[in-house]
Amino acid sequence: MKAITFKRHLVESCKSLKRNGWMSVAAFSAVTVTLLLVGVLLSIIMNVNKIASDIENDVQVRVLIDRGTSQTQQAALRKKLAGLDSVRSIKFSSKERELKNVVGSYGDEFKLFGGDDNPLNDVFVVKTKNPSQTVAVAKKARGMKDVYDAKYGGASAKKLFKVVGGIQKWGTGISLLLLFVAVFLISNTIKITILSRRNEISIMRLVGATNGFIRWPFILEGAWTGLFGAILPIIVVDIGYVWVHGILSASLASTDYSLLSPGVFLFQIDALMILIGIIIGAIGSGLSMRKFLKI
Amino acid sequence: MIEFKHVFKEYDNKVIAANDLNIVIDQGEFVYVVGPSGAGKSTFIKMMYREEVPTSGQIKINEFELEKIKNREVPFLRRELGVVFQDFKLLPKLTVFENVAYALQVIEKEPVEVKKRVEHVLSLVGLADKADVFPNELSGGEQQRIAIARAIANEPRILIADEPTGNLDPKTANDIMEIIERINKQGTTIVMATHNSSIVNERKHRVIEIDDGRVIRDQKKGGYKDESNNL
């Protein structure tokens with residue numbers, strides 16, 4: 001395509017947006033509503049992914065050591081644990097330290113159990129190479145000498161992964177459905193504007209315009225619709241995310257988990273929304289043209 | 001050069017609009033296509049620019065063999081033809097200049113060339129001073145002249161006119177015929193479907209009469225009605 005022709009298509013598409021007034025507004029709204037929902041869903045999905053990977057990295061087996069086990073026995077146990085294939089790291093946490101954690105989480109009342117009254121065990125905190133290996137490692141550890149018990153966040157981790165998986169699956173599904181609906185809405189809206197320009201299209205065809213030449217201004221018009229329709233969702237998602245991030249970050253501060261920080265993440269999601277807007281706009285518009293270009 | 005060989009056209013509603021049409025029109029000829037309403041004139045015209053596709057038979061327009069060309073080649077066939085209609089088919093939101101320029105922009109002509117060419121064809125139809133006016137500010141005759149200017153803008157070798165004087169008074173119709181004959185004199189083939197007997201009788205050219213989808217008369221310098229029957 002010649003540059004002069006592309007320029008003409010661009011100018012034509014803008015003129016047509018203006019000429020179609022309310023129909024264009026209707027098409028914008030379809031994109032806006034869709035992108036708003038898709039933007040929110042995407043933010044949720046991406047953060048769920050982030051937390052899921054935080055959790056995955058955090059899955060560990062706590063090997064409780066029998067009380068009264070000597071230093072040498074402990075060292076032997078540590079060696080044994082380290083000998084397991086799937087073990088990545090082992091950290092020792094004394095019962096005093098364990099109590100401190102309990103006091104930190106549940107309150108000063110637990111200070112009563114200090115000193116010789118401490119009912120807790122010394123612990124080896126074992127991290128596996130892969131979260132799914134925790135169950136096997138815990139089982140093996142239980143069978144070892146000087147081990148009182150081996151605990152892992154098994155049940156709750158499993159449940160959590162199930163929830164995360166669900167959110168990812170449903171979120172993606174709903175997003176795709178929304179995009180499909182948006183393409184349909186845009187395609188119908190533009191179809192109405194095309195209907196009113198049927199005469200124009202038939203004259204274009206009569207004077208020998210190729211289908212591509214006729215189609216381009218409409219596709220660009222759809223792309224503009226998508227681009228303009230993305231503005232409001234971007235503003236809402238950006239402001240909303242910064243706000244929610246502020247609130248949730250405060251309550252997540254004491255854990256090992258965190259949300260994606262707004263800077264880069266919002267830039268990515270904004271770019272994604274613009275891209276999706278342009279693509280669904282152009283596809284919707286292109287689809288609605290098909291019927292009118294059959295020769 | 002236009003060539004129809006054993007062309008049949010049957011519509012979905014079983015109406016047969018072309019029944020073994022065999023017609024040859026040489027380059028530079030002027031041909032009237034006459035016949036009663038529903039005789040198949042419009043189908044004949046529409047098959048030429050492939051708005052309708054024949055059920056069987058062969059049509060050749062210049063070097064295009066219509067039964068062989070693909071859909072994406074149709075625009076290129078149409079660039080060889082200029083088409084004029086009874087209802088002008090101008091775009092109301094574009095000025096006279098833009099309406100004519102449109103036909104050239106579509107085939108991606110350079111803007112300088114477009115301007116030159118549009119000015120030329122507008123002066124040819126005598127409307128150079130109306131370039132910035134919108135179609136609805138013009139009379140019927142003037143609008144038809146714009147439509148003709150658009151049809152000849154890219155110098156087609158064939159001009160097809162479907163009832164070009166149908167909506168015009170006799171004086172204006174005559175003016176239009178003047179222009180069409182002038183175009184013909186420059187070597188353009190003219191195929192004109194018409195009901196206007198006085199034009200056909202006054203400005204004699206080859207007449208092809210169609211009825212029931214068949215050619216019932218093909219006469220050089222003929223009249224609107226078959227005069228040989230009256231003898």
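# Chatting through a two-chain model

Me: Which residues of chain A does UniProt annotate as "transmembrane region"?
Reply: The unreviewed UniProt entry puts that label on residues 21–46, 174–195, 216–244 and 264–287 of chain A. UniProt positions are given in the numbering used here, feature names are shortened, and annotations may be inferred rather than shown by experiment.

Me: Ok, and what am I looking at, plus how does the numbering work?
Reply: This is a predicted model, where local features need pLDDT of at least 70, side-chain atom pairs count only at pLDDT 80 or more, and totals for chains, interfaces and linings use all residues. Residues are numbered from 1 along each chain as its sequence is written, while chains are lettered from A and ligands numbered from 1 in the order in which they are written.

Me: Back to those annotated stretches. Helix or strand over residues 21–46 of chain A?
Reply: That stretch is 100% helix and 0% strand, with its end C-alpha atoms 37 Å apart. Residues 174–195 of chain A are also 100% helix and 0% strand, and there the end C-alpha atoms are 31 Å apart.

Me: How many helices and strands does chain A have?
Reply: Chain A has ten helices and four strands. Helices (H or I, at least four residues) and strands (E, at least two) are DSSP runs, numbered from the N terminus. In order, the elements go α-α-β-α-β-α-β-α-β-α-α-α-α-α.

Me: How do the four strands of chain A line up?
Reply: They form an open antiparallel sheet in the order E2-E3-E1-E4. E2 (87–93) and E4 (147–152) of chain A are the edge strands, each pairing on one side only. Two strands pair if DSSP finds at least two bridges between them.

Me: How many bridges join E1 and E3 of chain A?
Reply: Five, between E1 (residues 60–65) and E3 (residues 123–128) of chain A, in the antiparallel sense. A:Leu64 has A:Val123 in E3(A) as its bridge partner.

Me: Which helix lies across that sheet?
Reply: Helix H5 (residues 134–142) of chain A lies across E1, E2, E3 and E4 of chain A, at about 170 degrees to E4(A). Axes are lines fitted to C-alpha atoms, for helices over the stretch in contact, and angles run from 0 to 180 degrees between N-to-C directions.

Me: Switching to chain B: what does strand E9 pair with?
Reply: E9 (residues 205–211) of chain B pairs in the parallel sense with E3 (residues 30–34) of chain B over four bridges. Six bridges join E9(B) to E10 (residues 214–222) of chain B, and these two run antiparallel. In the hairpin of E9(B) and E10(B), with two residues between the strands, B:Asp212 takes a positive phi near 55 degrees.

Me: How many residues does each chain bring to the contact?
Reply: Chain B brings 16 residues and chain A brings 14 residues. Residues are in contact if their C-beta atoms, placed from the backbone, lie within 7 Å. H2(B) gives the most to the side of chain B that touches chain A, with four residues.

Me: And which residues have the most contacts inside the largest nonpolar core?
Reply: B:Val100, B:Ile160 and B:Val191, in a core of 101 residues. The largest share of this core, eight residues, comes from helix H2 (residues 21–58) of chain A. A nonpolar core is a set of buried Ala, Val, Leu, Ile, Met, Phe, Trp, Tyr and Cys residues joined through C-beta atoms within 7 Å. Buried means 20 or more other C-beta atoms lie within 10 Å of a residue's own, with C-beta atoms placed from the backbone.

Note on methods:
Two residues are in contact if their C-beta atoms, placed from the backbone, lie within 7 Å. A residue is buried if 20 or more other C-beta atoms lie within 10 Å of its own, exposed if 12 or fewer, and partly exposed in between; C-beta atoms are placed from the backbone.
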